[in-house]
Amino acid sequence: MSIAHVYKRDHINTDEIIPARYLNTDNAAELATHCMEDLDTEFVKKCKPGDCIVAGDDFGCGSSREHAVWALQGAKVGAVIAKNFARIFYRNCINCGFYPVELANATEVIKDGDEIEIDYKKGIINNKTQKKEIAFKPLPDFAIEIIDDGGLLNNIKNKK
Amino acid sequence: MSMTITEKILAASAGKNKVEPGDVIDAKIDCIMCHDVTTPAAISMLKAKAVDTVFDSEKIVVTPDHFQPAKDIKSAELHKRLDDWAKEKKIKNYYPIGKAGVCHALLPEQGHIRPGEVIIGGDSHTCTYGAFAAFSTGIGSTDLAAAIATGKLWFRVPASMKFVLNGKLSTGVYSKDVILEAIAKIGTDGARYKAMEFVGPALKEMSMEARMTITNMAIEAGGKNGIIGFDDITKQYLDEHLKDKKEYTVYQSDPDAKYESVLEIDCTKLEPMVAFPHLPSGGKPISDCAGLKMNQSYIGSCTNGRIEDLRIAAAIMKGRKVAIRTIVVPATPEIWKQAMDEGLFDVFYSAGCVLSAPTCGACLGGFMGILAAGEKCVSTTNRNFVGRMGSPKSEVYLASPATAAASAIEGKLADCRKYMK
């Protein structure tokens, strides 16, 4: 079961996802305790394993810190669904084996608290609460391959 | 077929004659910038995956900068991991403390940036180096690890946006004001995934320092890279700074190259700008916002911590006193020494500023000038996100060194032009 946590905000930046005052570590479990702290101090408490974040435009803008993805992974966030993503964050997600789902009307078709299921390869979000299927454009094959391998470095190693 | 400078550099890096926006290419990397926040993780990943190699120990430049000198035990551990690795891998261009500086000021100054090259770094402001007619972009730790091991990285060729800087900057108006105006016009995602190419007569008159302030903030509009063509000013800087390898390839955009959009900015009409919280796109002319009370002024960072910036701030502060706490951070040891030799330290001391060692420090809320809840800081840095320089309830106002200096004197946002008659 995956619950959607909806933030109707554009430009949620990596400083909000993991503030720089915590960048003196690269330990995912430690970073996870501060995940989304400057946006929502309750997030870590209410996020259950597999839950999703839903947001507006330009999610993950700002600093290139991959710590933002590690914090989300450490907090057991299943995926981020956003209208669109900032470039470096998007790349970092794929490189870490974490799904960025681009959906043009994300914050309109998914309500806070909705129960959803995502089929990443087919590009379908099943909104169980609203009993609706929502289509999105799946990632290109090479990116899905990287995610399936558990990230870019495993992918490079597997290809050798 | 015509191409932009960005397309030409990426095509050459992939051994191709021609690329188009949207093409995915495998680029050969010419230079990798490594610092203390994102590189230790990359090193650990490489060790964990047993691909712990370095593609070329002469093409990697290492400097601690974000939390240096170490601000606490955990950052000291990061520095130790970076230091152990740089020594183990015999990294030729390693700048440990004493030589370390804010990476994007240090690499050009020490002659590591050449036109026509592909440069990457584990830091979003790596786009700074595009001022030297190079393709330069920021990446995360995993890409950094992959590039360190293989010397290659895939890129999607970005479409280009052209920014024409027309006219001439008036007294008291600087390149920082130009880039704040550009970002205010297009928004923080106005150039998402795009190359931002800057041209025009106003740019031709800018020093390399001033140009770097512009390309530095390309990422604040979501840009993949910022880039400026090669000219006599570029050549003169390179003649003075390149050390080991002095050859480079100059690429220029074709006259009929394709741009997704063209934005013209009349620099003659521009005023000093201040970007209000909490996005770099919140730029307003000073005449609309002078008088807002501040608690701190911060002059430094990869955006505006170079010698020219310190000279501008010192010229305004000379013979005056600051009304609020003011922190001056020369970006590299060379800049620090030069500022001292030129007597700028005396000016800052007499004005009541505090001077720091080169560090990214408070720009990203690390240390050396953190804000309390409710405080406001006028800052020459590049981001004013929530909590960027400290408490999530503090506020950051981005401005030029001249505006930050004038505002320090008055204790409120101030028009620097009245100190420049």
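Q: Which residue does R91(A) form a salt bridge with?
A: D143(B). This is a predicted model, and in it the closest N and O atoms of that pair are 2.6 Å apart.

Q: Where's D143(B) in the fold?
A: In helix α5 of chain B.

Q: Buried or exposed, that D143(B)?
A: D143(B) counts as buried, because its relative accessibility is 0%, and the cut-off for buried is under 20%.

Q: What else does D143(B) touch, leaving out residues up to four places away in sequence?
A: From chain A there's E66(A), R91(A), N95(A) and L152(A), and from chain B there's L153(B).

Q: Zooming out, how many salt bridges turn up across the interface of chain B and chain A?
A: Four. As for polar contacts, 21 residue pairs make them across that interface, counting pairs with both residues at pLDDT 80 or more.

Q: And which elements of chain B supply at least two residues each to the side that touches chain A?
A: α2 (39-48), α3 (73-88), β6, α5 (141-150) and β7 of chain B. The most comes from α5(B), with five residues.

Q: How many residues are in contact there, and how much area gets buried?
A: On the contact count, 45 residues of chain B meet 40 residues of chain A. The two chains bury about 3,600 Å² between them, with 56% of that on carbon and sulfur atoms.

Q: Switching to rings. How many aromatic pairs are there over all chains?
A: The count is 13. One of them is F59(A) with F85(A), edge-to-face, at 6.1 Å centre to centre and 75° between the planes.

Q: Are they buried or exposed?
A: F59(A) is buried, with a relative accessible area of 0%, and F85(A) counts as buried at 0% too.

Q: What about F135(B) and F155(B)?
A: Those two form an edge-to-face pair as well, at 5.5 Å centre to centre and 70° between the planes. This pair also links distant parts of its chain: F135(B) is in strand β6 (residues 135-138) and F155(B) in strand β7 (residues 152-156) of chain B, 20 residues apart. F135(B) is buried at 0%, and so is F155(B), at 0%.

Q: Back to chain A, which residues form one aromatic cluster?
A: F59(A), F85(A), F89(A) and Y90(A).

Q: Which charges lie over rings in chain B?
A: Among them, K284(B) lies over the face of F276(B), 4.0 Å from the ring centre. The charged end of K71(B) sits over the ring of F67(B), 5.1 Å from its centre.

Q: Last topic, α14 of chain B. How many of its ten residues are buried?
A: Nine of the ten, so it's mostly covered, under the 20% cut-off for buried. The helix spans residues 401-410, and the buried ones include P401(B), T403(B), S407(B) and I409(B).

Q: What covers them?
A: The cover includes β12 (273-275), β14 (296-299), α10 (301-304), α11 (307-317), β15 (325-328) and β17 (376-379) of chain B.

Q: And what phi does G411(B) take, just after the helix?
A: A positive one, about 75°.

Technical notes: Residues numbered from 1 in each chain as written. Chains lettered and ligands numbered in written order. Predicted model: local features only at pLDDT ≥ 70, side-chain atom pairs only at ≥ 80, totals over all residues. Heavy atoms only, no water. Phe/Tyr/Trp six-rings, centres within 6.5 Å; stacked < 30°, edge-to-face > 60°. Buried < 20%, exposed > 50% of the residue type's maximum accessible area, 1.4 Å probe, protein only. Helix = DSSP H or I, 4+ residues; strand = E, 2+ residues; numbered from the N terminus. Lys NZ or Arg CZ within 6 Å of the ring centre and 35° of its normal. Contact = heavy atoms within 4.5 Å. Buried area = accessible area lost by both parts, 1.4 Å probe. Salt bridge = Lys/Arg side-chain N within 4 Å of Asp/Glu carboxyl O. Polar contact = N/O pair within 3.5 Å; in protein donor to acceptor, adjacent residues only side chain to side chain.
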